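Me: I would like to learn how to read aromatic pairs and surface patches. Can we work through a case?

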Amino acid sequence: MKLSGNGLSNLQKRILSAIVLVVVAVILTWAGGFGFGLLASAIAFGVMFEWQLMSKGRMSGLTGGLSWVVLIATLLALLFTQHVLSMFLILFVGAAVVAMLGGRQSGYWPAAGLVYAGFPAIALTLLRGDTGDGFAAILFLFAVVWATDIFAYFNGKALGGPKLAPRFSPNKTWSGAIGGTAAGVAAGVACASFITPGGGMSLPFIALLISIIAQLGDLGESWMKRKFGAKDSGTLIPGHGGVMDRVDGLVAAAALLYVIGAILVTPETPYDILF
C-alpha cells in the first residue's frame, strides 16, 4: 500500500477520519439538545462555505453576504428557540429574497445553497428532538446512509462494470449503487430491529427510499463539482475532501426522512409507525 508523505495512505486517512466523525456524531446524537444542534449547525456552515467557494463566480457580494445573514439567523433560531415556523420562514423567505435580488445570474446559486445548507440542519434537529424516539430515528438515518456510502464505494471498486451516471460522476457504477442500496436497507432494518425488535412493515421501504435519495444527493454534489471544475468540495477532512463530500448523501436523506416523519408521525404515535 502506497504511503503519502506523512506515512498514511489516502485510504488509511479516509478510514481514520471516518472513525473520528462517526464517534463524534454518535456522541452528540446521544447527547441531543444544544450539542446536537451545534453538530447540525456545523454541517450547515461547512456546506454553505464550500457551496459558495465552488460557485463564487455565480454570485455577487450582496447575494453571498445576505445568504450568510439568513443562514446565521436560521441557525440561531434552531439553537435557541427551535420554533418550527420561525426557522422555516427565515430560511425560505430569506432564500426567496436572495433569489429576487440577484436574479438568474447571481441569485439562484446562493439561494439554492442557502436552502441546501439550512433545511437539512433544521430537519436533523427536529428529527432528533429530545426523546428516545428521536435518537432512534437519527441512528436509523446514520445506519442507512453510512452503509450505503461504504458499500457503494467498496462494491464499485471491487466489481466495476457499467457506469451509473457518467455525465454527473465518472466513477460511480451500477454495481456500487445496487450493493450500496442493499447494504443500506439491511443496515436500517438491523438498526431498527436492535432498537425496537420487530420493526414496522414500512421500515424496509423507508430505508430503500433513504438509500436511493442519499445516492442521488451524492450524484448531485458530484455534478456540481464537475460543473465548477472542482475535484473536492474542500480540504477540511483528510481522505474525504470537504464537508459536502462527506455529508452530501446525509443532507438529502435527512430532508427526506423529516418529510416522511412530518407526513406519517403524529403526537400520539411518535415514530411508532416507522419502527
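Reply: Start with one residue in this predicted model. Tyr-258 has a relative accessible area of 18%, so Tyr-258 counts as buried, the cut-off being under 20%.

Me: Which ring pairs with Tyr-258, and at what angle between the planes?

Reply: Read the angle first: planes over 60 degrees apart count as edge-to-face. The partner is Phe-119, with ring centres 6.2 Å apart and planes at 80°, so this pair is edge-to-face. Phe-119 is in helix 5 and Tyr-258 in helix 9 (residues 243-264), so the pair ties together parts 139 residues apart in sequence. Phe-119 is buried too, at 16% relative accessible area.

Me: How many aromatic pairs does the structure hold?

Reply: There are 13. Take Trp-51 and Trp-109: their ring centres are 5.7 Å apart and the planes meet at 45°, so the pair is tilted. Trp-51 sits in helix 2 (residues 33-54) and Trp-109 in helix 5 (residues 108-128), so parts 58 residues apart in sequence are tied together. Both tryptophans are buried.

Me: Which residues do ring pairs link into a cluster with Trp-51 and Trp-109?

Reply: Tyr-116, Trp-223 and Phe-228 join them.

Me: Now the surface. Which residues make the nonpolar patch?

Reply: Leu-62, Leu-85, Leu-89, Val-93, Val-97, Met-100 and Leu-101 make a patch of about 690 Å². Helix 4 (residues 84-106) gives the largest share, 6 residues.

Me: Where is Val-97, and what is its relative accessible area?

Reply: Val-97 lies in helix 4. Its relative accessible area is 32%, so Val-97 is partly exposed. Patch residues need over 30%.

How values were computed
Residues numbered from 1 in each chain as written. Predicted model: local features only at pLDDT ≥ 70, side-chain atom pairs only at ≥ 80, totals over all residues. Heavy atoms only, no water. Phe/Tyr/Trp six-rings, centres within 6.5 Å; stacked < 30°, edge-to-face > 60°. Helix = DSSP H or I, 4+ residues; strand = E, 2+ residues; numbered from the N terminus. Buried < 20%, exposed > 50% of the residue type's maximum accessible area, 1.4 Å probe, protein only. Patch = residues over 30% accessible without salt bridge, like charges linked within 9 Å, V, L, I, M, F, W, Y side chains within 5 Å. Areas by Shrake-Rupley, 256 points an atom, 1.4 Å probe, with all protein chains shown as cover. Salt bridge = Lys/Arg side-chain N within 4 Å of Asp/Glu carboxyl O.
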